[in-house]
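Notebook open, pencil ready. Here is what I looked up today, entry by entry.

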Amino acid sequence: MADASVVIPQNPVEQFLRMDRIPHIWCPGCGIGTSVNSFARALVDAKIDTKHLAIVSGIGCSGRVAGYTKFDSFHTTHGRAIPFATGLKLANPKMNVVVYSGDGDLFAIGGNHLIHAARRNVDIKVICVNNLIYAMTGGQTAPTTPGAVMTSTNPYGTFDPAFNLPYLVEAAGAVYVARWTAFHVRQLARSMEEMFAKKGFSFIEVLSPCPTLYQRRNKMGDGLDTMKFYKQNSKVRNGAPTSEVGLSKSGEIVVGKFVDRERNDYGVLMHDRLVEALGDDYVETEACSCQ
Amino acid sequence: MHADAAGVLTGSHFLDGDHACCEGALAAGARFSSGYPITPSTEVVERFAQRVPTVGGVFIQMEDELAASITLQGAVWGGAKAFTVTSGPGFSLMMEHIGYAAMTETPCVFIDVQRGGPSTGLPTLPAQADMMQVRWGSHGDYAVIALCPNSPQECFDLTITAFNMAEKYRCPVFVMLDEVVGHMTEKVVIPPAEQIEIEPRRYTKLPPEEFLAYEPDADLVPDMPRVGEGYNVHVTGLTHDERGYPDMRPVVQDKLVKRLLDKITKNADKIILYEEDQIEGADVVVVSYGITSRVAQRAIDMARQKGVKVGKFRLITAWPFPEKQIAAIAKKVKALVVPELNLGQMVREVERAAAGKANVKLVPHAGGSVHKPEDILNAILEVTRG
Amino acid sequence: MAKGSVQIVVERCKACGFCVEFCPTHVLALSSAFNAKGYHTPYMVHPEKCSGCDLCGMYCPDFAIFGFKAPETEAKKAPSKPEPKQSAQPGPPASAGFAVAGAEKEEQDAR
């Protein structure tokens with residue numbers, strides 16, 4: 001009789017999680033955890049050296065990703081993950097720096113920093129989980145909230161026009177722009193894998209349910225209903241003009257890879273300019289490290 | 001350990017305070033700055049932008065002070081000694097991130113070249129009106145160290161001290177100049193690198209399996225992990241336990257926040273710097289700092305010529321405040337005269353420390369120029385008379 | 001013989017239903033029993049159809065389920081009806097509800 005030494009496999013995502021902090025705080029049917037699975041898959045498939053990976057998050061539900069992932073992870077202030085990431089990357093270029101945060105954090109309070117980092121083409125990878133709301137604080141309007149929905153700060157319905165995130169980020173200068181939903185787990189993982197191979201400011205929007213606030217207040221069902229809605233209403237249009245991919249309350253969701261271009265990233269631009277100006281006087285260092 | 005010669009501009013120079021701060025930063029080992037222009041501080045980073053590419057490091061001008069004050073912290077965690085500079089309006093914008101540095105125990109230096117306020121105020125003219133703000137400006141309980149140079153030479157020296165204290169106590173440290181010290185040009189002697197002591201970053205010697213990111217050492221300060229070496233650092237502004245993991249329990253809050261204060265207050269004797277002159281036998285002591293101390297010196301000399309027994313106490317660290325020293329002096333003198341370029345900030349600390357044992361006379365000035373020596377002299381004479 | 005199986009950490013599950021819905025071969029269903037938090041957790045209602053594709057694992061927002069391919073050699077067939085079993089994952093022990101095991105891999109002893 002065979003010796004029954006049982007080999008129990010491990011969930012491939014767990015190697016990247018701080019298991020001593022699981023279970024996490026995200027709601028049933030929230031898509032943030034789903035996006036983390038895609039991220040884990042991408043790390044494995046791209047063979048990322050996770051010792052040199054840093055995650056930088058802001059504040060919000062999506063910002064909690066930094067706290068659950070087992071890398072050098074930084075949970076910073078609201079809206080400022082990107083400038084923190086910029087400092088980290090410029091001081092230590094061998095670190096692979098990923099910003100994982102939410103739509104309000106990155107595009108409202110953090111909007112200015114996002115557009116400047118994209119303009120500069122800082123070599124950071126930004127994953128924006130867009131649940132169309134400020135979830136952590138109880139469901140307030142975000143700059144991505146589509147029109148005529150109920151939020152706690154628009155109790156009579158929103159009327160603010162919403163940002164079209166891929167359009168904005170492309171215009172600001174990003175070299176890689178994609179959007180998927182939490183339904184598109186495999187495509188999302190592939191996009192993340194592609195993003196790791198890019199140099200420069202790269203951005204992926206991940207549309208996610210917020211069943212507790214956005215969907216519930218608007219009687220749109222739960223997380224599963226939303227995932228089915230994504231499945232039904234999404235249209236993959238790789239290369240679509242980003243001006244045409246705006247979202248609405250119940251309209252078509254254009255997903256895909258929209259922008260994939262080459263531009264020298266900030267580090268290269270800085271290096272080239274200083275070499276040009278200073279020649280041999282330019283002291284290049286691998287990192288700005290102190291003793 | 002000694003300074004890295006690459007950043008030390010050894011020699012005798014004629015520099016203004018802003019420029020001297022920059023040289024102090026470089027001598028201290030700063031190799032990263034993220035800045036945003038604001039008068040009268042901008043020259044510090046303008047010089048750094050010019051110098052650091054030939055020393056080895058990075059300067060980036062960010063889009064605002066909100067970014068500048070956090071970008072430098074990303075660089076610190078990336079391994080660099082980093083700083084930024086600003087003045088009143090920018091200082092106000094940086095407050096959230098000053099709190100973040102305090103909470104996450106990120107060693108870093110902020111240079112505030114104070115100008116007239118509030119709001120846009122007097123962009124090109126001096127004041128000393130951020131002195132309470134530097135201590136209390138961010139929300140919550142935390143402690144900081146603030147140094148007040150009164151000359152370009154001190155701008156150089158105290159900026160090095162600031163970086164050293166930041167590394168030792170893992171907190172934000174402030175160099176509080178004012179527009180006059182920042183823009184006055186004087187001789188600055190920069191010694192050879194071997195003569196400049198700098199504090200290395202207190203990196204842990206423990207391997208990742210044994211290391212707890214926020215477990216304090218005997219001096220109440222935790223050692224720092226390196227990124228990129230498998231420590232899986234977690235840094236958060238949320239209240240956290242010794243692992244750095246968020247923990248909302250009041251018992252954790254109590255332990256952490258008290259330690260953030262204690263690590264400064266219990267080490268205060270090692271941090272506090274001041275200059276005293278003729279305190280023994282004095283009837284009056286003038287307590288001042290920064291540029292006002294230079295005007296005060298003239299007033300003190302004039303008073304002594306009139307036969308008044310007046311001593312001088314100059315704050316070099318404004319925070320932590322030298323309360324023991326002031327309390328001791330207050331018991332022995334009739335009055336303390338406190339001239340400052342504001343309408344009464346550090347005087348409150350003097351009053352608190354004096355605890356009624358001596359009369360405390362403020363010589364206020366709303367800012368825009370320095371005091372006239374006569375104003376301070378008159379105050380000295382007034383308190384001597386009664 | 002199933003090409004794959006799933007492992008479920010019952011106590012982590014919040015019954016969002018993603019795995020049940022998006023399993024391409026409809027292996028899973030929510031059971032009538034529940035975990036300590038009161039959620040009806042999934043079980044393999046058609047284990048023989050499992051390919052081990054791990055789409056369930058990729059969808060699960062709570063990291064409570066994952067699929068894996070059975071080794072080429074003997075794989076113990078997973079029961080088609082639920083029965084109480086200890087969850088193999090680290091974490092809180094299985095509740096008085098039930099834990100559904102995947103196929104337990106056995107080291108093939110070449111004899």
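**Ground rules.** I am working with a predicted model, where local features need pLDDT of at least 70 and side-chain atom pairs count only at pLDDT 80 or more, while totals for chains, interfaces and linings use all residues. Residues are numbered from 1 along each chain as its sequence is written, and chains are lettered from A and ligands numbered from 1 in the order in which they are written.

**Chain C.** I followed the sequence and found the pattern β-α-β-β-α-β-β, with two helices and five strands. Chain C has 111 residues, and 54% of them count as buried (20 or more other C-beta atoms within 10 Å of the residue's own, C-beta atoms being placed from the backbone). I then looked at contacts (C-beta atoms, placed from the backbone, within 7 Å). Of those in chain C between residues at least 6 apart in sequence, 66% join residues at least 24 apart.

**Where B meets A.** Here I found 46 residues of chain B in contact with 39 residues of chain A. Which element of chain B gives the largest share of this side? My answer is H3(B), with 10 residues.

Methods
Contact = placed C-beta atoms within 7 Å. Helix = DSSP H or I, 4+ residues; strand = E, 2+ residues; numbered from the N terminus. Buried ≥ 20, exposed ≤ 12 C-beta atoms within 10 Å, placed from the backbone.
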